Amino acid sequence: MDDKYIFITGGDRGIGRSIALRFAHGGFKVVYSYHRNLDAARETLRMIHDIGGEGFYIRMDVSDLDSVARGYKEVSKKVPYLNVLVNNAGVLSVGRIDDISIEEWNRVIGVNLTGVFLVTKTFLPLLRRAPWASIINIASIAGQTGNVVASTLYSASKAGVIGFTRRLAVELGPEGIRVNAVAPSFVETDMVREYIDTPEKRERIKNLHPLRDIAKPEDVAEAVYFLATPTSRFITGQVIGINGGRLTC
Ligand SMILES: NC(=O)c1ccc[n+]([C@@H]2O[C@H](COP(=O)([O-])OP(=O)(O)OC[C@H]3O[C@@H](n4cnc5c(N)ncnc54)[C@H](OP(=O)(O)O)[C@@H]3O)[C@@H](O)[C@H]2O)c1
């Protein structure tokens, strides 16, 4: 029971990749999923190996129950338990309410909120087998105060993740499984690249934050590592902002 295992959805790139590397560095065996980007999944594994870590990836669409069930089968054949589950996979949605179709609504809620439910419910048996376990959900400042570019749809999906986190912490607390979330503001990844790809745009986004900067994926990964591991053993049901002091939309 000395080995430590983590499963990260969307661990192939962006924030998920940083989390994968942080936990590999911390001695975890790292399992992660990608959706479409096999090249990124391979590259992340190469990076894990480069720092002396171990792991493997699977393909999974978090919004699809069958895909999640297949993923669980594959992972549970290879690992005895999971100490940490990170629900990281997500998609951005922008635009005003007038432009949000029901198809777009279902797609974004499907990945960002239903995906968190499906993966958590399906993978729970592996967490229950672990000597200690915790779940981290990647929410967003958009689910707390809104965010300048994100739509009401994206905000609603991430607010849902926060409610899910708070209630699940109460439910799983007696079993010793902690559940927390992080709520980043802008983080330098593909997701928001087009809003920070010129010096002028970067300046505008930096100025939204009292710390006058933009988060790096590593800033999120470090908070996730703290919240997921036993150093934070009495913290559950919390949402930690990674927002450079930003409190408004
Ligand atoms: N970047 C930000 O400013 C920011 C701020 C606050 C919160 N967040 C949240 O942080 C999380 C990670 O975002 P990121 O910035 O790292 O974004 P990213 O670079 O765009 O990566 C998104 C990840 O989600 C995966 N994914 C997308 N749709 C999926 C699906 N249907 N099933 C399974 N996986 C799927 C992608 O897989 P493929 O690579 O295979 O497509 C990729 O690994 C998201 O939940 C996002 O909402 C981001």
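A residue is classed as buried if 20 or more other C-beta atoms, placed from the backbone, lie within 10 Å of its own, as exposed if 12 or fewer do, and as partly exposed in between. The structure is a predicted model, in which local features need pLDDT of at least 70 and side-chain atom pairs count only at pLDDT 80 or more, while totals for chains, interfaces and linings use all residues. Residues are numbered from 1 along each chain as its sequence is written. Helices (H or I, at least four residues) and strands (E, at least two) are DSSP runs, numbered from the N terminus.

Phe164 belongs to helix α5, which covers residues 152–172. Phe164 counts as buried because it has 20 C-beta neighbours inside 10 Å. Leaving aside residues up to four places away in sequence, Phe164 is in contact (C-beta atoms, placed from the backbone, within 7 Å) with Val116, Phe117 and Asn137. From Phe164 to Asp39 the C-alpha to C-alpha separation is 32 Å, and the two residues are 125 apart in sequence.

Asn137 is a residue of strand β5, on the side that also carries Ala133 and Ile135; Ser134, Ile136 and Ile138 point the other way, and all of these are buried. In a regular strand, side chains alternate between the two faces of the sheet. Strands are taken as paired if DSSP finds at least two bridges between them. Strand β4 (residues 84–87) runs parallel to β5 and is joined to it by four bridges, with Leu85 opposite Ile135.

Six bridges link β5 (residues 133–138) to β6 in parallel, and Ile135 stands opposite Val179.

The ligand is surrounded by 30 residues, counted where the C-beta atom, placed from the backbone, lies within 6 Å of the molecule. The closest are Gly10, Gly14, Asn37, Ala89 and Gly90. Helix α1 (residues 14–25) supplies the largest share of this shell, three residues.

Technical notes. Two residues are in contact if their C-beta atoms, placed from the backbone, lie within 7 Å.
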